[in-house]
Amino acid sequence: MSELVTGEAVALELRPARLPSRALAVLIDLIVAVVVYIAVTVALVAASASLDDAAQMALSIAAFLLVLVGGPIAVETLSHGRSLGKLAVGLRVVRDDGGPIRFRHALVRGAIGVIEILMTFGVVACIASLVSARGRRLGDVFAGTLVVRERIPVGPSGFVPPPPPWLAGRFSGLDLSAVPDGLWLAIRQYLTRMHQLDPQVGWVMAERLAFDLAAHTGTPAPQDVPPGAYLAAVVQERQAREARRAYGSGTTEAGPSASSWPGPAVGVQGGYPSPGAQPTAPLSPPPPVSYGVEAAPGVARPGVPVDGVSSEKSSEGPRPAVPPEGRPASGFVPPA
């Protein structure tokens, strides 16, 4: 199994093709190529009967190169690595990074294939495929390609939970170009499995990943945002950028942005709302999201006292002054 990482931090598991399936595909391709070569040779012999022996030999060599060498190269280039035999067996030639092959890859594979397949009757190719860990022949090694199986069952990918709505769009200005693919993969694996971890272990892992991510972006992570929510928000921002790059300037649904919450919010520290923050406008507050723990330590939430002080604010307005005992309230206010 060969594992690759894409731009969206998705691990691709490519299953290399083994010798039996590759041999069957090569056999089908050779049968088709030999049939075409015989037909072309018969047509050339009939058309060049009046030529001398040297001209007929030159035409035979040209037919051999065009049909048995140039034909497979052209077919693999135009079909992006799927010849007739590979299409019948369910194989495909890809680059080492999982991308489609180009003309230079097919040219190197075809040129070396003449030696290790045609001239040695496939002995060299079989030995190289058996020795290689991924079943590659010499043409694949020099061309930087890999023959993989396409007809494999695809399992469901892990679900990455979205960030809280109050964090959507907060990290649109981060520079994510220096973040390595390995870190993206580690963050994605944590987000898909964080509910299966122990809360304390999950919190420590999230803090470590958030610290590494902030070190590569050059911007420190906000202290009042749980590290799991911070990781989810940055991953969503990266996916939104990849979608805009792939589909043009179209917008993606990233939830409500920070500008949709007017006025100061409860628990705002450092420009980022804390879990449970709610707007002053008559809007429904976002539900609290748990990312491995109940809430960030030391962050005020509505209705929950922190250090003996509640974060709820009274909406009744100022209370009237209470007169001392024994003196009735006359309502008269002495002049200043």
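So, surface first: the accessible surface of this protein is about 20,000 Å², and 64% of that belongs to carbon and sulfur atoms (Shrake-Rupley, 1.4 Å probe). Bear in mind this is a predicted model, where local features need pLDDT of at least 70, side-chain atom pairs count only at pLDDT 80 or more, and totals for chains, interfaces and linings use all residues. Numbering runs from 1 along each chain as its sequence is written, and side-chain values use heavy atoms, with hydrogens and water left out.

Of the 336 residues, 34% are buried, meaning under 20% relative accessible area with a 1.4 Å probe, protein chains only. We've got 9 helices and 6 strands; those are DSSP runs, H or I of at least four residues for helices, E of at least two for strands, numbered from the N terminus.

Now, H1 and H2. H1 covers residues 19-47, H2 covers 53-78, and they pack at about 150° with axes 10 Å apart (axes are lines fitted to C-alpha atoms over the stretch in contact, and angles run from 0 to 180 degrees between N-to-C directions). So H1 is roughly antiparallel to H2, that label being for angles over 145 degrees.

Last stop, Val160. You'll find Val160 in the loop between strand E4 (145-149) and helix H7 (181-193). Buried or exposed, this Val160? Val160 counts as buried, because its relative accessibility is 17%. Skipping neighbours within four places in sequence, Val160 is in contact with Arg188, Leu191 and Thr192, contact being heavy atoms within 4.5 Å. And Tyr190 sits 30 residues from Val160 in sequence, with 9.1 Å between their C-alphas.

Note on methods:
Parallel < 35°, antiparallel > 145°, perpendicular 65-115°, else oblique. Buried < 20%, exposed > 50% of the residue type's maximum accessible area, 1.4 Å probe, protein only.
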